[in-house]
Amino acid sequence: MFFKNKRRRDAAVDIPALVRDSGLCHIAFIMDGNGRWATKRSLPREAGHKVGIESFRKIVKYCFNCGIETVTVYAFSTENWSRPKREVDAIMKLLDEYIRTAEDEDEENRTRYIFLGDKTALDEGLAKNCEVLEKLTERYKRTLNIALNYGGRSEIVKAVNECIASGASAVTEEDISKHLYTSLSPDPDLIVRTAGEKRLSNFLMWQSAYSEFYFTDVLWPDITDRDVDDAIIDFSKRKRKFGGIKNA
Ligand code: IPE
Ligand code: IPE
Ligand code: MG
């Protein structure tokens with residue numbers, strides 16, 4: 001009975017219209033749960049990252065098809081270097097493969113790729129591939145931000161140091177925003193985290209000041225378009241006030 005109702009409700013919802021009417025311009029994902037997905041199946045954690053990359057491809061495409069203009073994904077944090085080398089190497093290799101094929105796959109989608117994070121700590125080849133992809137796609141408006149070797153605190157420190165280096169003795173909020181890796185994107189309207197954890201883990205700390213949050217227990221490799229629909233439906237019911245009085 002419940003199942004039937006749920007199906008009927010979902011079939012009736014026009015997701016692109018909800019995206020438009022709710023002003024959902026920027027969605028961000030903390031793609032968590034790859035390791036647990038693999039462990040549950042007695043597979044090495046790397047297997048979870050491999051399937052996780054496929055979810056990433058699929059979900060980004062779906063979000064763009066729903067009319068969302070900016071998608072951001074948390075792919076690797078500054079703290080993730082503390083994982084075993086074997087796992088880190090596997091993640092970097094998968095990301096490199098993705099980055100090298102992203103533009104070919106994307107021919108009709110016309111997406112601008114921007115990497116958030118410090119590229120200097122990445123393998124030289126990977127850093128170069130990131131730069132090439134950014135350059136190749138810089139004329140497009142629709143944006144996919146990939147946070148890779150990204151940390152929210154170090155991003156803010158970097159921004160302040162850049163302001164100081166340019167001669168500032170004091171900084172404004174606008175100055176800092178302009179020097180963040182995300183300077184070309186609006187702040188995220190909605191941040192989705194999978195795998196049940198309810199924390200930011202150093203993701204978009206500055207930019208999330210007024211973001212809405214959506215948490216799901218679904219592990220990232222298991223995520224489906226329908227889970228994204230659920231997040232969008234939930235978002236569309238939120239009353240965002242930005243410190244003011246709604247409808248005043
Ligand atoms: C997220 O999945 C991917 C990265 C952090 C690179 P995890 O690898 O954190 O998966 P869990 O949290 O261990 O299940
Ligand atoms: C956050 O997930 C980083 C990414 C998804 C890339 P983690 O799995 O690293 O976060 P914690 O350790 O659970 O906070
Ligand atoms: Mg995790």
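What follows covers the nonpolar cores and then the helix contacts.

The model is predicted. Its largest nonpolar core has 46 residues, and a second, separate core has ten residues.

**Nonpolar cores**

- Within the largest nonpolar core of 46 residues, those with the most contacts inside it are I27, F29, F56, V71, Y98, L144 and L148.
- The largest share of this core comes from helix α5, which supplies eight residues.
- V71, one of the residues with the most contacts inside the largest core, touches H26, I27, F29, V60, C63, F64, T143, L144 and N145, when residues up to four places away in sequence are not counted.
- As general background, nonpolar side chains in soluble globular proteins tend to be buried together.

**Helices α5 and α6**

- Helix α5, spanning residues 85-105, packs with helix α6, spanning residues 124-136, at an angle of about 25°, and their axes are 10 Å apart.
- Because angles under 35 degrees count as roughly parallel, α5 and α6 are therefore roughly parallel to each other.
- The crossing in which α5 passes α6 is left-handed.
- On the α5 side the contact is made by M92, D96, I99, R100, A102 and E103, while α6 contributes L126, N129, C130, L133 and L136.
- Sorted by class, this contact of α5 with α6 has seven nonpolar residues, one polar residue and three charged residues.

**Helices α4 and α9**

- Helices α4 and α9 pack at an angle of about 45°, with their axes 10 Å apart.
- That angle makes α4 oblique to α9.
- The crossing of α4 and α9 is right-handed.
- The residues that meet here are K58, I59, Y62 and C63 in α4 and D225, V228 and D229 in α9.
- The contact of α4 with α9 divides into four nonpolar and three charged residues, with no polar residue.
- C63, which takes part in this contact from α4, is also among the residues touched by V71.

**Helix α2 and its surroundings**

- In helix α2, which covers residues 15-22, the residues I15, A17 and V19 are buried.
- The buried residues of α2 pack against both α4, at residues 45-65, and α9, at residues 225-236.
- G23 follows α2, and the phi of G23 is positive, near 70°.

Conventions
Residues numbered from 1 in each chain as written. Chains lettered and ligands numbered in written order. Predicted model: local features only at pLDDT ≥ 70, side-chain atom pairs only at ≥ 80, totals over all residues. Heavy atoms only, no water. Axes fitted to C-alpha atoms, helices over the stretch in contact; angles between N-to-C directions. Helix = DSSP H or I, 4+ residues; strand = E, 2+ residues; numbered from the N terminus. Parallel < 35°, antiparallel > 145°, perpendicular 65-115°, else oblique. Left-handed = near helix turned anticlockwise from the far one by under 90°. Contact = heavy atoms within 4.5 Å. Nonpolar A, V, L, I, M, F, W, Y, C, P; charged D, E, K, R; others polar. Core = buried A, V, L, I, M, F, W, Y, C linked by side-chain atoms within 4.5 Å. Buried < 20%, exposed > 50% of the residue type's maximum accessible area, 1.4 Å probe, protein only.
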